[in-house]
Amino acid sequence: MTWTWRLEDSEGNPVDAGELARREFPSQSDAESWIGETWRELAGSGVDQVTLLEAGREVYGPMSLHPAD
């Protein structure tokens, strides 16, 4: 199984974040570690929220990349 993140704007539309958008991970923990390390860069590239996918199936999300109010 591969794990990926769907990168979206605040309305749920796909965002192309270049090379950051083309990542696959062998495990959920690898995917979650990566998002923890790169969320600021993603937010700076126009990504507002992300959804975690396992082999195309939604696991959870959307999860905002912005600080809580």
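Trainee: Is Trp5 buried or exposed, and what is its relative accessible area?

Mentor: Burial is read from relative accessible area, where buried means under 20%, exposed over 50% and partly exposed in between, with a 1.4 Å probe and protein chains only. Trp5 is buried, with a relative accessible area of 7%. This is a predicted model, in which local features need pLDDT of at least 70 and side-chain atom pairs count only at pLDDT 80 or more, while totals for chains, interfaces and linings use all residues. Residues are numbered from 1 along each chain as its sequence is written, and side-chain values use heavy atoms, with hydrogens and water left out.

Trainee: Which helices and strands does the chain have, and in what pattern along the sequence?

Mentor: Helices (H or I, at least four residues) and strands (E, at least two) are DSSP runs, numbered from the N terminus. The chain has one helix and three strands, and reading along the sequence gives the pattern β-α-β-β.

Trainee: How should I read the sheet, and in what order do the strands stand?

Mentor: Two strands pair if DSSP finds at least two bridges between them. Here three strands form an open sheet in the order 1-2-3, with antiparallel pairing. Strand 1 and strand 3 (57-64) stand at the edges with a single partner strand each, so one side of each is left without a neighbour in the sheet. From one strand to the next, the twist averages 20 degrees. Strand 1 and strand 2 pair over six bridges in the antiparallel sense; the bridge partner of Trp3 in strand 2 is Glu54, and Leu7 stands opposite Val50 in strand 2.

Trainee: Where does helix 1 pack, and what angle does its direction make with that of strand 1?

Mentor: Axes are lines fitted to C-alpha atoms, for helices over the stretch in contact, and angles run from 0 to 180 degrees between N-to-C directions; contact means heavy atoms within 4.5 Å. Helix 1 packs on the sheet and touches strand 1, strand 2 and strand 3, its direction making about 30 degrees with that of strand 1.

Trainee: Which residues of the largest nonpolar core touch the most other members?

Mentor: A nonpolar core is a set of buried Ala, Val, Leu, Ile, Met, Phe, Trp, Tyr and Cys residues joined through side-chain atoms within 4.5 Å. The largest such core has 15 residues, of which Trp5, Leu7, Trp34, Leu42, Val47 and Val50 touch the most other members. Two or more residues come from each of strand 1 (3-8), helix 1 (28-44) and strand 2 (49-54), and helix 1 gives the most, with four residues. Not counting residues up to four places away in sequence, Val50 touches Trp5, Arg6, Leu7, Ile35, Gly61, Pro62, Met63 and Leu65. As for strand 1, five of its six residues are buried, so it is largely enclosed by the rest of the structure.

Trainee: How many aromatic pairs are there?

Mentor: A pair of aromatic rings is described by the distance of the centres and the angle of the planes. Rings of Phe, Tyr and Trp (its six-membered ring) pair if their centres lie within 6.5 Å, and planes under 30 degrees apart count as stacked, over 60 as edge-to-face and the rest as tilted. By this rule there are two aromatic pairs. The rings of Trp5 and Tyr60 have centres 6.1 Å apart and planes at 75 degrees, so that pair is edge-to-face. Trp5 lies in strand 1 and Tyr60 in strand 3, so the pair ties together parts that are 55 residues apart in sequence; Tyr60 is partly exposed, with a relative accessible area of 28%. The rings of Phe25 and Trp34 have centres 5.3 Å apart and planes at 45 degrees, so this pair is tilted. Phe25 is buried, with a relative accessible area of 6%, and Trp34 also counts as buried, at 6% relative accessibility.

Trainee: Which peptide bond is cis, and which residue has a positive phi although it is not a glycine?

Mentor: The bond from Gly61 to Pro62 is cis, with omega near 5 degrees, and Pro62 lies in strand 3. Ala55 has a positive phi of about 50 degrees although it is not a glycine; Ala55 is placed in the loop between strand 2 and strand 3 and is exposed, with a relative accessible area of 51%.
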